[in-house]
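Visitor: I would like to learn how to read a structure like this one. Please take me through it feature by feature.

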Amino acid sequence: MRKSSLSMVAGSALSLAFTITVSASAQTADLVCGSFGLVGVNKTTNIIDHPPEGDSPGDIRVGLRELADQDGNPAGALYFVSTLAQLSDEGEHLFVADFQVDLPDGLLVGSTNFQRVNDTTQESAPLVIVITGGSGAYRGASGVLEIESGDRPSYSFDLDCR
């Protein structure tokens, strides 16, 4: 009988630990999900130019943008891989892209397509990234990340977490 009592105590303790862990995770997710904003600071982009030389479909841009809070404190980074899908006669570039946002409480992933209107300045029209998942506090996340370009681009997150 002693073994059975010990098993019940161990099972109860495990059940309690699981309940506490799930509750703590839910509370953390509530703190980081919802709407919040960051700003873009330093950006690095590397271009892989596939033949023919110059801009052409299949060219790839790989890079990162450091993210900060409104006071300029480091808050994470956005990593991207974008592929030039179409180049119009007017010089507009249509890209398809995958993104990873590395934040202190976890990771977000998403994808989008976007049109860059000026190749010299790298300026693009406002960009909406569809968030398709995450890890850590963002596990099960969905939502959108809207990026408004400029000298100090704004990154507006609107996330639902389960």
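This is a predicted model: local features need pLDDT of at least 70, side-chain atom pairs count only at pLDDT 80 or more; totals for chains, interfaces and linings use all residues.

Visitor: Which residues touch the most other members of the largest nonpolar core?

Guide: A nonpolar core is a set of buried Ala, Val, Leu, Ile, Met, Phe, Trp, Tyr and Cys residues joined through side-chain atoms within 4.5 Å. Buried means under 20% relative accessible area, exposed over 50%, and partly exposed in between (1.4 Å probe, protein chains only). Here the largest core has 26 residues, and L78, L108 and L145 touch the most other members. At least two core residues come from each of β3 (74-87), β4 (93-103), β5 (106-118), β7 (127-136), β8 and β9. β4 gives the most, with five. Strands are DSSP runs (E, at least two residues), numbered from the N terminus.

Visitor: Is L67 buried or exposed?

Guide: L67 counts as buried because its relative accessibility is 2%. L67 sits in strand β2.

Visitor: How do I read a salt bridge?

Guide: Side chains of opposite charge can pair when their charged atoms come close. The rule asks for a side-chain nitrogen of Lys or Arg within 4 Å of a carboxyl oxygen of Asp or Glu. That gives one salt bridge. R61 pairs with D55, with the closest N and O atoms 3.4 Å apart. R61 is buried, at 3% relative accessible area. D55 is partly exposed, at 30%.

Visitor: Where does the cis peptide bond lie?

Guide: It joins P51 and P52, with omega about 0 degrees. P52 is in the loop between β1 (34-48) and β2 (60-68).

Visitor: Which residues form the negative surface patch?

Guide: Patch residues have over 30% relative accessible area and no salt bridge, and like charges are joined within 9 Å. Asp and Glu count as negative. In this model the patch is formed by E146, E148, D158 and D160. β8 (142-148) and β9 (154-160) each supply at least two of its residues. E146 lies in β8. E146 counts as partly exposed because its relative accessibility is 43%.

Conventions:
Residues are numbered from 1 along each chain as its sequence is written. Side-chain values use heavy atoms; hydrogens and water are left out. Patches are made of residues with over 30% relative accessible area and no salt bridge: like charges are joined within 9 Å, nonpolar side chains (Val, Leu, Ile, Met, Phe, Trp, Tyr) within 5 Å. Accessible areas come from the Shrake-Rupley method with a 1.4 Å probe; for residues, only the protein chains shown count as cover. The place of a charge is taken as NZ of Lys, CZ of Arg, CG of Asp or CD of Glu. Helices (H or I, at least four residues) and strands (E, at least two) are DSSP runs, numbered from the N terminus.
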